[in-house]
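Let's take a walk through a protein model together. Have a look at the sequence and the picture first, then read on.

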Amino acid sequence: PILTFMTSDIGLYFWMNNKEKLSPYMVVESTNFKTAFYKNDFFSQLKDKDIPYPVTYNSIEEVTSFPVIVKPAYKGYENDFNNIFGAKSKVIDNVNDLSSLKKLNIANLFFQEKIDFKEGNEYSWFGYRDENDNIISVTAKHRAKYPDKMGRITHTELVSEPDLKIAGEKI
């Protein structure tokens, strides 16, 4: 057997669109992809479980402070955001930038306060449940990102962070 973790956007998107064809060859224990694919559902789940996350606005009219990061409200390759901006997110620094974005009339966006963090102070948690319902997990600290601290390529180190493990297991 092959153990596959679909952790990339494209892997998740591919599975969701080919589930019936792939089912004879793959077993997927969790099919609750909606939570991972639709960001508003994910942040609702965090809120329900009292896990902190950045201030989030569901529409352009709700934005009250800057800077914010704007992203498509769902992961996917059918939205126009990446085609227009060449990225999965964009920083909006002021009202003028927000007005320019509004003129583009892109549907299904959401906005989050931009958290300024020190490079090397960002973490990821990965976990799964085994056949006995035990959670197996690791926490990784992002040591460096390229081309900058918002970058897509990350050098990580496995670390012990009990508070992050507890938060990850709530999800």
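Which residues make up the largest nonpolar core? Before we get there, keep in mind that this is a predicted model: local features need pLDDT of at least 70, side-chain atom pairs count only at pLDDT 80 or more, and totals for chains, interfaces and linings use all residues. Residues are numbered from 1 along each chain as its sequence is written, and side-chain values use heavy atoms, with hydrogens and water left out.

Now for that core. Its twelve residues are Y57, I60, V63, V68, V70, F81, I92, L98, L101, I106, L109 and F111. A nonpolar core here is a set of buried Ala, Val, Leu, Ile, Met, Phe, Trp, Tyr and Cys residues joined through side-chain atoms within 4.5 Å. Buried means under 20% relative accessible area, exposed means over 50%, and partly exposed is in between (1.4 Å probe, protein chains only). Strand 2, helix 5 (95-104) and strand 4 are the elements that each give two or more residues to this core. There's also a second, separate core of five residues, and L46, I51, A73 and F110 are among them.

Let's zoom out for a moment. The protein chain has six helices and seven strands. These are DSSP runs, numbered from the N terminus: helices are H or I with at least four residues, strands are E with at least two. Of the chain's 171 residues, 26% count as buried.

Four strands build it in the order 1-4-2-3, with antiparallel pairing. Strand 1 (56-57) and strand 3 are the edge strands, since each pairs on one side only. Two strands pair if DSSP finds at least two bridges between them. Strand 2 and strand 4 (residues 109-113) share five bridges, while strand 2 and strand 3 (residues 90-92) share three. I69 has V91 as its bridge partner in strand 3 and stands opposite Q112 in strand 4.

Why is strand 2 largely enclosed by the rest of the structure? Four of the five residues of strand 2 (residues 68-72) are buried, so the rest of the structure largely encloses this strand. Helix 3 (residues 39-48) lies across strand 2 and strand 4, at about 40 degrees to strand 4. That angle can run from 0 to 180 degrees between N-to-C directions, with axes being lines fitted to C-alpha atoms, for helices over the stretch in contact.

Finally, look at the aromatic rings. Rings of Phe, Tyr and Trp (its six-membered ring) pair if their centres lie within 6.5 Å; planes under 30 degrees apart count as stacked, over 60 as edge-to-face and the rest as tilted. By this rule there are four aromatic pairs. In one of them, the ring centres of F43 and Y53 are 5.3 Å apart and their planes are at 35 degrees, so the pair is tilted. F43 is buried, with a relative accessible area of 12%, whereas Y53 is partly exposed at 30%. F43 and F110 form another tilted pair, with centres 5.7 Å apart and planes at 50 degrees. F43 lies in helix 3 and F110 in strand 4, so this pair ties together parts that are 67 residues apart in sequence. Put together, ring pairs link F42, F43, Y53 and F110 into a cluster.

Terms used. Contact means heavy atoms within 4.5 Å.
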